Amino acid sequence: MNNSEKKRMNGEAEEENEEDVEDEGRDAWERTYTDERSWEALEEDESGLLQPIDNKAIYHSQYRRRLQSLSAASAASRIQKGLIRFLCVVVDLSKAAGEMDFKPSRMAVIAKHVEAFIREFFDQNPLSQIGLVIIKDGVAQSLTELGGSPEAHIKALMVKLGCSGDSSLQNALELVHDTLHKIPSYGHREVLILYSALSTCDPGDIMETIQKCKKAKLRCSVIGLSAEMFVCKHLCQETGGSYMVALDEGHFKELLLEHAPPPPALAEFAIANLIKMGFPQRAAEGSIAICSCHREAKVGEGYICPRCKARVCELPTECRFCGLTLVSSPHLARSYHHLFPIEPFTEVSARQLELSRVASKTCFGCRESLLTPGTNKAGPCAACTKCKQYFCLDCDIYIHESLHNCPGCESRRITPAAASVTMS
Amino acid sequence: MLKEGAIESRLVAGPLVVTTWPRSFLLPPHSRGKLLRDFNQSTVVVGHGYASFQANRRSLISFSDDVSLLVVLIDTNPFFWSTSSSSLNFHQFVSHVLVFLDLIVRLSQLNQIVVIATGHNTCDYIYDSSLDTDQVTGEGELPALYSFVLQRLEEFVDKDEKLGAKQEGLSEKRASSLLSGSLSMALCYIQRVFRSGPLHPQPRILCLQGSPDGSEQYVSIMNAIFSAQRSMVPIDCCYVGSHNSAFLQQASYITGGVYVKPQHLEGLYQYLATVFAVDLHSRSFLQLPRPAGVDFRASCFCHKTTIDMGYVCSVCLSIFCKHHDKCSTCGSVFGKAQLDAASDRKRKASES
């Protein structure tokens with residue numbers, strides 16, 4: 001399907017007409033057999049066993065394109081990121097969610113990936129909170145309150161998995177609006193709607209609700225599972241969110257996980273504020289206290305609120321008695337890489353690598369040879385713009401997606417004198 | 001120093017990352033070659049059978065769950081080793097570590113060691129047991145591993161010193177080493193091992209650190225720690241400096257590793273062999289040293305003192321101890337919407 005789209009865009013008018021004539025009788029899935037011929041990509045090794053398809057090159061080029069678009073967007077203006085997020089995830093459990101075009105059913109796929117999304121979300125945004133809403137029988141219900149503990153949300157979601165009835169987008173938006181209205185002004189309000197139905201049954205005028213959400217500065221994004229709908233597109237355009245439709249399960253997972261890192265924060269959406277937070281110490285070993293979350297006596301591990309001395313079991317949380325937000329410094333540190341991102345590496349062609357005067361052509365990070373295996377010629381690699389070290393493409397991906405440190409830049413010491421020279 | 005029988009225990013070592021090397025500034029310049037000779041006399045030569053171990057290494061039987069890949073990060077920071085008042089000097093430290101490395105290699109033919117040196121101005125790989133170029137046959141009195149690592153460490157320290165000679169005016173009091181660099185390199189190497197296929201040894205990182213924490217490296221070290229936590233790679237630490245290192249305590253706590261600050265540094269090898277030589281699977285059967293209170297409190301950005309309660313900017317997450325009107329890190333004005341604040345600034349600028 002991708003190939004045929006590309007052909008359509010790149011091809012001339014004559015070719016396009018011919019293709020249209022031929023493909024009139026064929027569906028999209030049939031076109032993948034005639035155009036792509038995926039079976040031809042399979043290869044056998046010398047013993048006759050099938051070799052795995054080497055899609056490393058495709059994977060690398062996809063990654064590079066994604067990185068370019070991200071860096072272009074953020075480098076254009078110094079856009080800050082919304083780090084303290086209050087996100088409501090709305091899951092559509094109407095009759096359309098029982099469709100089986102996603103195996104085993106749309107509902108099961110959604111539940112599985114929402115669980116992974118919740119874990120990833122709290123990993124990247126430890127100070128944020130999630131609330132779950134479901135739409136069933138034309139009514140929206142709040143499944144869990146806004147909270148910061150992933151286990152509570154996942155447990156609640158796994159229990160309530162049954163689909164029936166119609167879907168109502170307006171009821172969901174009204175409920176979410178009421179929930180998110182109460183949060184403090186420094187938080188970013190976001191809504192993520194996973195919509196499988198093709199219609200919405202509303203009690204009133206949904207355009208009014210959309211305007212209400214826009215005024216309340218809610219950023220609504222939708223991921224559709226069936227087809228593109230005008231009302232979802234309008235909602236996302238008005239509120240500044242993103243609207244995507246998933247093609248298959250892998251694509252759905254990718255789209256969902258794209259919402260985990262903090263989005264660029266538009267300046268007028270949240271008011272900057274100083275939030276009073278406490279950094280509790282661990283309770284001494286063997287000390288016995290009644291914990292405030294379970295209301296039972298516990299020994300040893302736990303944290304003591306610095307203001308009211310109540311015991312809490314895990315961080316981050318809000319103290320139940322005095323309302324102080326309790327965090328530990330690693331939670332804040334998890335978000336620092338969003339504030340100090342590393343620049344993307346530049347791609348180095350094989351020829352440039354050969355011409356360079358590097359003694360040993362190995363990746364600086366993992367010491368893997370940068371030469372294409374089996375030959376003496378250099379393969380593609382990436383180079384850091386600041387420290388000018390060469391890295392293999394896999395290290396490039398790992399560094400930018402998980403590590404957020406360039407080993408070359410970290411392995412050199414820049415004195416203030418040298419730093420001012422390079423900056424001037 | 002060590003009895004020969006001490007090596008017979010079934011310790012499996014993974015790649016050790018050793019980051020320190022006795023530097024010639026610790027000895028008078030004319031005695032540089034003395035290191036190898038001293039080493040020879042003072043330590044037990046552990047094996048003549050070493051060459052045969054090398055030959056059998058390539059016959060892979062199976063990867064049982066007690067095979068490990070140990071990446072050792074050795075601190076070679078000259079500012080620490082020349083001023084450390086403890087009973088351990090760099091020479092003795094390296095000798096302890098080398099015997100430990102040899103122990104790890106002998107525990108299983110499939111164990112792998114990688115040694116990365118953490119210097120003051122740079123970091124580099126010293127030894128990789130899986131590389132063909134690093135397999136040398138034993139000649140002379142010392143086992144091949146020892147002389148190879150000693151020689152590479154000496155070259156590294158030379159390079160480190162040359163890079164530092166260009167800089168002037170560096171205060172020597174709290175000069176830290178580049179731990180974030182060597183941690184990042186170790187993690188990149190471990191990712192490469194993960195990519196190599198379904199059969200690979202279990203990786204872990206051992207930090208042999210003595211230098212104090214450098215506060216400018218906080219963000220990078222925390223990034224490395226979180227990445228190690230996601231890949232499930234424990235970071236162990238044997239700290240040979242004077243005061244506890246908060247960064248490494250947090251690293252061991254978050255990633256599920258072991259942090260040890262030995263009280264008697266003369267017996268460093270014993271600590272290494274009993275605590276860190278064991279593979280990950282067998283750790284559940286042992287009573288390993290438990291962390292005695294990791295301090296997770298934050299320090300405020302204005303005074304660098306640790307605080308219990310503070311104020312956090314919602315935009316850039318900087319921590320302050322008192323209420324301010326404006327954030328000094330990101331410049332956002334508190335209590336006002338950003339657009340209003342920006343237009344206020346413009347108005348004031350045009351008026352003045």
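Trainee: What are the ground rules here?
Mentor: This is a predicted model: local features need pLDDT of at least 70, side-chain atom pairs count only at pLDDT 80 or more, and totals for chains, interfaces and linings use all residues. Residues are numbered from 1 along each chain as its sequence is written, chains are lettered from A and ligands numbered from 1 in the order in which they are written, and side-chain values use heavy atoms, with hydrogens and water left out.

Trainee: How many helices and strands in chain A?
Mentor: Chain A has 16 helices and 21 strands. Those are DSSP runs numbered from the N terminus: helices are H or I with at least four residues, strands are E with at least two.

Trainee: And what share of chain A is buried?
Mentor: Of its 424 residues, 42% are buried. Buried means under 20% relative accessible area, exposed over 50%, partly exposed in between, with a 1.4 Å probe and protein chains only.

Trainee: On to the interface. How many residues does each chain put in?
Mentor: Chain A gives 57 residues and chain B gives 65 residues.

Trainee: What area is buried between chain A and chain B?
Mentor: About 5300 Å², with 58% from carbon and sulfur atoms. That is the accessible area (1.4 Å probe) that two parts lose on being put together, summed over both. A:Leu274, A:Phe279 and A:Arg413 supply 16% of the area that chain A buries against chain B, more than any other three residues.

Trainee: How many polar pairs across it?
Mentor: There are 22 residue pairs in polar contact between chain A and chain B, both residues at pLDDT 80 or more. The rule is a pair of N or O atoms within 3.5 Å; within protein, one must be able to donate a hydrogen and the other to accept it, and residues adjacent in sequence count only if both atoms are side-chain atoms.

Trainee: Which elements of chain A touch chain B?
Mentor: Those giving two or more residues include α5 (106-124), β11 (274-278) and α14 (393-403) of chain A. The largest share, six residues, comes from α14(A). By class, that side of chain A has 29 nonpolar, 14 polar and 14 charged residues. Ala, Val, Leu, Ile, Met, Phe, Trp, Tyr, Cys and Pro count as nonpolar, Asp, Glu, Lys and Arg as charged, and the others, Gly among them, as polar.

Trainee: Switching to backbone. Where are the cis peptide bonds you'd flag?
Mentor: One runs from A:Lys103 to A:Pro104, with omega near -5 degrees. A:Pro104 sits in the loop between β4 (85-92) and α5 of chain A. Another joins A:Leu315 and A:Pro316, omega about -5 degrees. A:Pro316 is in the loop between β16 (311-312) and β17 (317-318) of chain A.

Trainee: What about phi at A:Asp137?
Mentor: Phi is near 55 degrees there, positive in a residue other than glycine. A:Asp137 lies in the loop between β5 (129-136) and β6 (139-147) of chain A. A:Asp137 is partly exposed, at 48% relative accessible area.

Trainee: And A:Lys388, what is its phi?
Mentor: A:Lys388 is not a glycine either, and has a positive phi of about 60 degrees. A:Lys388 is exposed, at 57%.

Trainee: Last topic. How many salt bridges over all chains?
Mentor: The count is 18, and between chain A and chain B it is five. A salt bridge is a side-chain nitrogen of Lys or Arg within 4 Å of a carboxyl oxygen of Asp or Glu.

Trainee: Which residue does A:Arg85 pair with?
Mentor: A:Glu190, at 2.9 Å, N to O. A:Arg85 is in strand β4 and A:Glu190 in strand β7 (residues 188-195) of chain A, so the pair ties together parts 105 residues apart in sequence. Both A:Arg85 and A:Glu190 are buried.

Trainee: Which residue does A:Arg367 meet in chain B?
Mentor: A:Arg367 meets B:Asp124 in a salt bridge, 2.6 Å from N to O. B:Asp124 also forms a salt bridge with B:Lys159, at 3.0 Å. B:Asp124 counts as buried, at 17% relative accessibility, while B:Lys159 is partly exposed at 34%.

Technical notes: Contact = heavy atoms within 4.5 Å.
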